[in-house]
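The exercises below are to be worked with the sequence and the coordinates at hand. Each task is followed by a solution that goes step by step.

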Amino acid sequence: QVQLVESGGGLVQAGGSLRLSCVASGTISSINAMGWYCQAPGKQRDLVATIGSDGSTNYADSVKGRFTISRDNAKNMMYLQMNSLKPEDAGVYYCQANVVMNARTYRYWGQGTQVTVSS
């Protein structure tokens with residue numbers, strides 16, 4: 001079984017920064033694309049950023065220039081550096097990973113970490 005665990009969320013003032021981390025553990029052959037998603041209260045879970053195994057990245061328009069996604073393949077970790085945070089960035093941030101096990105790919109989600117941005 002595979003587990004994804006997020007950390008780094010918290011309360012920050014508008015304009016501040018947070019760094020989220022996600023670690024994958026378990027029987028993992030490799031991890032393909034990974035991503036961060038955000039779900040605000042009463043809203044759907046939205047894509048924030050994704051990163052391929054080759055380091056290629058994709059960002060939601062709302063976070064471009066403010067957030068940076070990165071990963072450490074050797075440690076099965078992913079990060080999200082969030083700068084210039086805005087109240088509308090608040091929500092539960094989920095880590096997602098496409099994990100390869102026994103030549104098959106499985107989609108996993110973490111439990112989420114809360115990000116609160118005060119104005």
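**Exercise 1.** How far is the sulfur of Cys 38 from the closest cysteine sulfur, and in which residue does that sulfur lie?

*Solution.* The model is a predicted one. Begin with the criterion, by which a disulfide needs two cysteine sulfur atoms within 2.5 Å. The closest cysteine sulfur to that of Cys 38 belongs to Cys 95 and is 14 Å away, which is too far for a bond.

**Exercise 2.** Determine how many disulfides the whole structure holds, and describe the geometry and placement of what is found.

*Solution.* A search of the whole structure gives one disulfide, and the residues it joins are Cys 22 and Cys 95, with an S to S distance of 1.9 Å. The torsion about the S-S bond is -65°, so the link of Cys 22 and Cys 95 is left-handed. Since Cys 22 belongs to strand β3 and Cys 95 to strand β9, the pair ties together parts 73 residues apart in sequence. Cys 22 is buried, its relative accessible area being 0%, and Cys 95 is likewise buried at 0%.

**Exercise 3.** Where is Arg 66 found, and is Arg 66 buried or exposed?

*Solution.* Locate Arg 66 in the loop between β6 (57–59) and β7. Its relative accessibility is 10%, so Arg 66 counts as buried. Turning to partners, the side chains of Arg 66 and Asp 89 are joined by a polar contact of 2.8 Å, and residues that Arg 66 touches beyond four places in sequence include Gln 81, Met 82 and Leu 85.

Conventions:
Residues numbered from 1 in each chain as written. Predicted model: local features only at pLDDT ≥ 70, side-chain atom pairs only at ≥ 80, totals over all residues. Heavy atoms only, no water. Helix = DSSP H or I, 4+ residues; strand = E, 2+ residues; numbered from the N terminus. Buried < 20%, exposed > 50% of the residue type's maximum accessible area, 1.4 Å probe, protein only. Polar contact = N/O pair within 3.5 Å; in protein donor to acceptor, adjacent residues only side chain to side chain. Contact = heavy atoms within 4.5 Å.
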